[in-house]
Amino acid sequence: MDKPMTLTLMNIAMRSPERGGAILPLSAEPLGCGCAAPMLGLLSGCDGAPSRNILGSYFPSWMVCALVGLALALAARATLKALGMLEELPVPAVVMLAIGCAGTFAMWLIWLS
């Protein structure tokens, strides 16, 4: 005797039924509006990445901002080294990273806002 046909999209076998596993049916019901609306809201932000035309080639804007932040961190390190304050910093690498990140984020806000 055959089983009645159910509305299942597919069955997923967790281990094998012979070994005591279970077969889990996936429902074919469509996603409700409560789940689809947030998904569409998240997809609306995927319009495209901001890019800049530099010498005929398109570069991502985040890369340009990161290079500005790196240059700012290197300039800050040279300035602190010339003033003799670099040795006084507890963890210079973390301070330079923070200066670079601050420069990157500031450039992003100033240039792309």
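Helices here are DSSP runs of H or I with at least four residues, strands are runs of E with at least two, and both are numbered from the N terminus. Before you start clicking, note that this is a predicted model, in which local features need pLDDT of at least 70 and side-chain atom pairs count only at pLDDT 80 or more, while totals for chains, interfaces and linings use all residues. Residues are numbered from 1 along each chain as its sequence is written, and side-chain values use heavy atoms, with hydrogens and water left out.

**Stop 1: the whole chain**

Show the cartoon and follow the chain from its N terminus: the elements run β-β-α-β-β-α-α. That makes for 3 helices and 4 strands. Now colour by relative accessible area, where buried means under 20%, exposed over 50% and partly exposed in between (1.4 Å probe, protein chains only). Of the 113 residues in the chain, 12% are buried. Among contacts between residues at least 6 apart in sequence, 30% join residues at least 24 apart.

**Stop 2: helices H2 and H3**

Select residues 61-83 for H2 and residues 92-112 for H3. Two packed helices are described by the angle between their axes and the distance between the axes. Here the axes come within 7 Å and cross at roughly 135 degrees. H2 is therefore oblique to H3. For reference, axes are lines fitted to C-alpha atoms, for helices over the stretch in contact, and angles run from 0 to 180 degrees between N-to-C directions. Angles under 35 degrees count as roughly parallel, over 145 as roughly antiparallel, 65 to 115 as roughly perpendicular and the rest as oblique.

Next, show the side chains at the contact. On the H2 side, pick residues including Trp 62, Val 68, Leu 72 and Leu 80; on the H3 side, Met 96, Ile 99, Met 107 and Trp 111 are among them. The residues of this contact divide into 15 nonpolar, 5 polar and 1 charged. In that count, Ala, Val, Leu, Ile, Met, Phe, Trp, Tyr, Cys and Pro are nonpolar, Asp, Glu, Lys and Arg are charged, and the others, Gly among them, are polar.

**Stop 3: two buried residues**

Centre on Ser 61, in H2. Ser 61 is buried, at a relative accessible area of 0%. Beyond its neighbours within four places in sequence, Ser 61 contacts Pro 50, Ser 51, Arg 52, Trp 108, Trp 111 and Leu 112.

Then move to Thr 104, in H3. Thr 104 has 17% relative accessibility and counts as buried. Which residues does Thr 104 touch, not counting those up to four places away in sequence? Look for Cys 65, Ala 66 and Gly 69.

**Stop 4**

Select Leu 67, in H2. Leu 67 is exposed, at 54% relative accessibility.

Ala 93 lies in H3 and is exposed, at 60%.

**Stop 5: the salt bridge**

Side chains of opposite charge can pair when their charged atoms come close. The structure holds 1 salt bridge, meaning a side-chain nitrogen of Lys or Arg within 4 Å of a carboxyl oxygen of Asp or Glu. Select Glu 87 and Lys 81, whose side chains meet at 3.6 Å, N to O. Glu 87 is exposed at 53%, whereas Lys 81 is partly exposed at 46%.

Conventions:
Contact means heavy atoms within 4.5 Å.
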